[in-house]
Amino acid sequence: MSLLGSGQFAVPPGYLNTPSIGIPPSHVADAVAEAVERWRRGEARPTDFDEPVARTRAGFGALIGVPAERVAIGASVSQLIANVAAGLPDGASVLAAGNDFTSVTFPFAAQAHRGVKVTEVPLAELAARVEGHDLVAVSVVQSADGAQVDLEALRAAAEAAGAAVLLDATQAAGWQPLDLGWADWVVAAGYKWLLAPRGAAWLAAHPRVLERAVPVAANWYAGEDRWQTVYGLPLRLAEGTRSLDLSPAWLAFVGAAVSLDYLASLDLAAVRAHCVGLADSLLEALGSPGQGSAIVSLAADARRVAEAGIVAGTRAGRQRFGFHLYNTADDVERVISTFG
């Protein structure tokens, strides 16, 4: 089987914007289109979507190294992290990486009225600054420039300090193998490297911290028997991580179920080698050392980038390029040409 497995993509040359929006394999888009047709014809039923939601729990869990029963579902990273932030005690101290994506930090900063304090430090100093904090919240791969947290150092420091760890794997899951079962919380959105529609996200909770979470958007879907919790009190949420479920955006989870199945069929070590190989070859061609990430941030002329037929993102005043399964060496050459 090739690196792409059974996936076929309709991505135009020069599309390097996966850190913003991932492009689905054709069969993922087809599955969503078919679901839209069933909806249009009045053939869809709410229970039809329970199976794809369940598949995504297992699929996401497999990608990060946790069992499906630890995984809650939602629509966005910040929405899911809010359950963690609300569960912090008054006066808690949170450590974060400076300039991390605000969906990671804002939910904690919004708890300032309870005395919760968020301290930002440079990413490279994160592990060395854990002592004295209750929780560390950080993206595994930084959105702005592809920089990666030292997971082993962070794990050791957090265990020594007795601090909890929340990891956002949004910019990492899908292009590299991950083994994050040790972390207290792992969250990710599906619409980037996981090649799913926007509206599907997941939160994995370690059993040792689950009781600390507060289901801030408690709802019928989080019931033990969701079809028996649609009316009336008392509150009756499921045991375990499903108590944090949000009612799913149905069509998004139809696509996510297929895209996660597709990614599970691939050798992620080979996917990482492909993505990082392209990104590092770009840096090296421009006279910089590779950084081992699928995301590259460059001081490039945005107008020239666009004129070269490249779709990239502008983040922190620089051009951000992301290399996924559907990218090739031709995309690298296209970027290099803008520096001529």
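In what order do the 3 strands of the open sheet with antiparallel pairing stand? The order is β8-β10-β9, where strands are DSSP runs of E of at least two residues and helices are runs of H or I of at least four, both numbered from the N terminus. Two strands count as paired if DSSP finds at least two bridges between them.

The model is a predicted one, in which local features need pLDDT of at least 70 and side-chain atom pairs count only at pLDDT 80 or more, whereas totals for chains, interfaces and linings use all residues. Residues are numbered from 1 along each chain as its sequence is written, and side-chain values use heavy atoms, with hydrogens and water left out.

Another open sheet has 7 strands in the order β1-β7-β6-β5-β4-β2-β3, with mixed pairing. Its edge strands are β1 (71–74) and β3 (117–121), each of which pairs on one side only. Here the twist averages 20° from one strand to the next. Strand β2 (residues 93–97) runs parallel to β3 and is joined to β3 by 5 bridges; S93 stands opposite K117 in β3.

Helix α3 (residues 77–86) touches β1, β4 (135–139), β5 (164–168), β6 (185–189) and β7 (201–205), and its direction makes about 160° with that of β6; contact means heavy atoms within 4.5 Å. Helix α5 (residues 151–161) lies across β4 and β5, at about 155° to β5.

Side chains of opposite charge can pair when their charged atoms come close. The structure holds 14 salt bridges, each defined by a side-chain nitrogen of Lys or Arg within 4 Å of a carboxyl oxygen of Asp or Glu. Within helix α5, E159 and R155 lie 4 residues apart, about one turn of the helix, and form a salt bridge whose closest N and O atoms are 3.2 Å apart. E159 is exposed at 57% relative accessibility, while R155 is partly exposed at 30%; buried means under 20% relative accessible area, exposed over 50%, and partly exposed in between, with a 1.4 Å probe and protein chains only.

A salt bridge also joins E37 to R41, with the closest N and O atoms 3.5 Å apart. E37 is partly exposed at 29%, as R41 is at 45%. E37, R40, R41 and E43 are linked in a network of salt bridges.

Which parts does the pair of R226 and D50 tie together? The two side chains meet in a salt bridge (3.7 Å, N to O). R226 lies in the loop between β7 and α6 (250–264) and D50 in helix α2 (residues 50–64), so the pair ties together parts 176 residues apart in sequence. R226 counts as buried, at 15% relative accessibility. W227 lies in the loop between β7 and α6 and is partly exposed at 32%.

Key. Axes are lines fitted to C-alpha atoms, for helices over the stretch in contact, and angles run from 0 to 180 degrees between N-to-C directions.
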